[in-house]
Amino acid sequence: MIRLPHTSLRFRQRAHTSARPQLQPQPHTRRNYRSSIATAIIPLAIFPLAACSGISNSHREHNGIDISVAPFTPTPDGATYANPPDEASASQAPRPDTTTDTDAYAPLAPDNSTPEERIPDIVRRGRIIVGVSSSLNFLGFQDPSSGNLEGFDVSLAREIARDIFGDPERIDFRFLSSAERVDALQHGNVDIVVRTMTIDRERRAKVAFSAPYLHAQARILASTSSSIQSADDLRDATVCVTKDSTFQHNAQVIAPHSRFLITNDWSDCLVAMQQHQVQAIISDDSILSGLAAQDSNTHLVGQPYGSSDYAVGIAKSTPGKNTDGLVRQVNSTLMRIRSDGTWQRLYDKWLGKYLGDSGVPLEPTYVQEEPQ
């Protein structure tokens, strides 16, 4: 079961016949953006959820395990199922370019300017507006005992505020889903996004990025009682991913014969797995480790299926607004926390226990600029 001291969940369960206890959402103290963007690497047959159950049979068998599901167990709010395409349509479908190209990406380097010179509008406002998650355990979540936002991403945001204002609490947080990150930046609803945002070519066409701050590897989360040990065991299984995340685009490469449940949040995926509506979750190890810590009946399996780097998302410069100074300001903080040990301290606190002690801060390659 989910251990509530680690996170808060926005999924509101409706009454049903399952023996699972009700999960009470934690109140949010800030505005919560909601949107729904669903694209896929190949066309998927998306079906609206039935009003009753996401699984038609009360008993299913997967990998030799009998999976019992209450006939009226509700699926998470806003979730949709996607069936695997037939082989003919899959081979002919155009695939969007979601290649992770961190090696080819070079952001602007920090300079010797002050925050007042780099980002005068934010300094005059007195606060920086940051998009984060409120339900990613270890990364961005609300502590139910205190109501405070905690996690690696949230701590990084506070370090950015510290370098701008001398005060790590001069932040207005905005809670964003995966699908809302790019829109929030493009519409000016936030200054930056610190929410497991992977650098890829598709996103780089829409927003700017800082230097990378965390390396992640794609893994599978499964129940300890299942026989799932690798992607080969996911044939005919139902796998959970979130809307407009990297894994909505590429999970079918890992599990091409799987059915998918596409949810708004990764915490919804964990609830769906506890209710036997999915047999596995595919995501980054940084995200999955937080889910596994909430349920001791789950674990990460298989070898990594590719890797990616997270960076701080920033709006692209436009004729009316130049954001180059903000990119340099964020990169200045990343440079400081790499050199003074802050990055390692935050990694050890939030992720080291679950991802191992091999975490090291990433050394960026900056764009080559003409001397002035």
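Analyst: Happy to! Let's start in the loop between β11 (207–223) and β12 (238–242), where Asp-236 is found; helices (H or I, at least four residues) and strands (E, at least two) are DSSP runs, numbered from the N terminus. This is a predicted model, in which local features need pLDDT of at least 70 and side-chain atom pairs count only at pLDDT 80 or more, while totals for chains, interfaces and linings use all residues. Residues are numbered from 1 along each chain as its sequence is written, and side-chain values use heavy atoms, leaving out hydrogens and water.

Asp-236 is not a glycine, yet its phi is positive, at about 70°. Its relative accessible area is 63%, so Asp-236 is exposed (exposed is over 50%, buried under 20%, partly exposed in between, with a 1.4 Å probe and protein chains only).

Asp-244, in the loop between β12 and α7 (246–254), also has a positive phi, near 55°. Asp-244 is buried, however, at 14% relative accessibility.

The whole structure holds four cavities of 30 Å³ or more. A cavity is a set of points on a 1 Å grid over the protein atoms alone where a 1.4 Å probe fits but cannot get out; points are joined across faces, edges and corners, and the volume is the space filled by probe spheres set on them. The largest cavity has about 80 Å³. Its lining has 13 residues (those with an atom within 4 Å of a point), and the closest to its centre are Arg-181, Thr-196, Ser-245, Thr-246 and Asp-284.

Terms used
1 Å grid on protein atoms, 1.4 Å probe; cavity = no way out; pocket = protein on both sides within 12 Å on 5 of 7 lines; lining within 4 Å.
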